[in-house]
Amino acid sequence: MSTQVAVTQENAAVVANGSGAAAILSAGIGSFAVALFAIAADKSAFIKDLFVFYKPTGALSGETTVAILLWLAVWAILNWRWRKRNVSLQRINVIALVLLGFSLLLTFPPVGDLF
Amino acid sequence: MEITTRSLWTLVHGMGFGALYLLAGSGAIALLYPRFSADEPASASPKGDRFLGIYLSAMAALAWLTVLSGTYVIYPWYRATAPAGTANLAAYPRALLLSHPATKQWHLIGMEWKEHVAWLVPIAITMAAFVALKYARDLRNHPQLRNALYGFVITSLFAAGIAGFFGAMLDKNAPVDGGQTVRLVQGEKE
């Protein structure tokens with residue numbers, strides 16, 4: 001009886017995992033965006049020009065700025081939607097880590113050049 | 001003993017922020033490992049949980065300082081275009097690397113990878129710092145959050161290692177140098 005009460009009290013104190021899930025998934029998406037924008041700018045002169053936000057740094061300034069803004073926007077939206085909920089973290093972890101892994105691979109020029 | 005302003009900035013970026021991040025990374029693993037490895041996470045004190053959040057936040061600050069100084073201070077010097085007919089390319093590291101078949105790939109693979117992969121680091125570690133601060137003691141109740149934290153911290157270290165390695169090799173083959181000379185120590189007259 002006393003064990004049951006303790007378990008119930010412990011569970012009640014657990015903070016919903018939604019905020020953490022939002023941070024994890026958005027970090028995966030933001031990382032992937034860095035790689036995606038780098039490839040897009042490399043393949044298209046038009047996109048490359050669009051990404052030149054600061055001329056001395058070239059397209060890198062726009063690729064990273066847009067990716068960071070996208071990451072923060074996705075994070076804010078997901079956090080707003082999930083902050084009080086418990087979500088399936090295992091699936092979100094897999095998606096986020098796969099996106100992060102792809103980002104590492106796609107930023108490697110010989111791999112990025114395959115597209 | 002003198003150093004140019006560009007060398008000084010390169011030093012602050014690479015040896016200051018970047019290397020410190022990598023060093024801090026081993027500390028982060030040491031802090032996270034006991035929480036990750038055991039079925040029942042090691043019982044850290046509330047103070048220890050708070051410290052983890054502060055520690056990862058300091059790493060996030062270092063990561064942001066590294067990529068911002070690299071992208072907006074040093075990279076413009078690295079990629080500056082040499083005027084047509086310039087014979088001595090020492091002040092134009094990218095042009096210098098591309099002018100020799102033996103060093104070309106340091107730019108085409110090394111810098112091209114470094115300049116993008118480095119940006120994964122602040123994203124990953126900021127997320128880790130947020131989760132550690134937000135959940136603190138409650139991380140004990142979220143094994144999946146701990147897993148993600150560990151995965152992102154390790155990956156951020158891997159990405160920072162790639163950027164650091166290529167940064168060092170690029171600077172060895174075509175150093176970013178120039179600007180005003182800063183005298184660090186006045187030499188004695190012989």
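Visitor: How many residues does the contact take from chain A and from chain B?

Guide: This is a predicted model, where local features need pLDDT of at least 70, side-chain atom pairs count only at pLDDT 80 or more, and totals for chains, interfaces and linings use all residues. Residues are numbered from 1 along each chain as its sequence is written, chains are lettered from A and ligands numbered from 1 in the order in which they are written, and side-chain values use heavy atoms, leaving out hydrogens and water. Contact means heavy atoms within 4.5 Å. On that rule, chain B gives 36 residues and chain A gives 43.

Visitor: What area is buried between chain A and chain B?

Guide: Buried area is the accessible area (1.4 Å probe) that two parts lose on being put together, summed over both. Carbon and sulfur atoms give 76% of it here. In chain A, the residues losing the most area to chain B are L60(A), L100(A) and L104(A), together 17% of what that side buries. The total is about 3,300 Å².

Visitor: Which element gives the largest share of the side of chain A that touches chain B?

Guide: Helices are DSSP runs of H or I with at least four residues, strands are runs of E with at least two, and both are numbered from the N terminus. Chain A has 6 helices and 0 strands. Those giving two or more residues to this side are α1 (2-13), α2, α4, α5 and α6 (109-112) of chain A. The largest share, 12 residues, comes from α2(A).

Visitor: Which residues have the most contacts inside the largest nonpolar core?

Guide: A nonpolar core is a set of buried Ala, Val, Leu, Ile, Met, Phe, Trp, Tyr and Cys residues joined through side-chain atoms within 4.5 Å. The largest one has 74 residues, and α6(B) gives 13 of them, the largest share. Leaving out residues up to four places away in sequence, I125(B) touches Y21(B) and L56(B), among others. Those with the most contacts inside the core are I24(A), Y21(B), L56(B) and I125(B).

Visitor: Why does S88(A) count as partly exposed?

Guide: S88(A) sits in the loop between α4 and α5 of chain A. Buried means under 20% relative accessible area, exposed over 50%, and partly exposed in between (1.4 Å probe, protein chains only). S88(A) counts as partly exposed because its relative accessibility is 42%.
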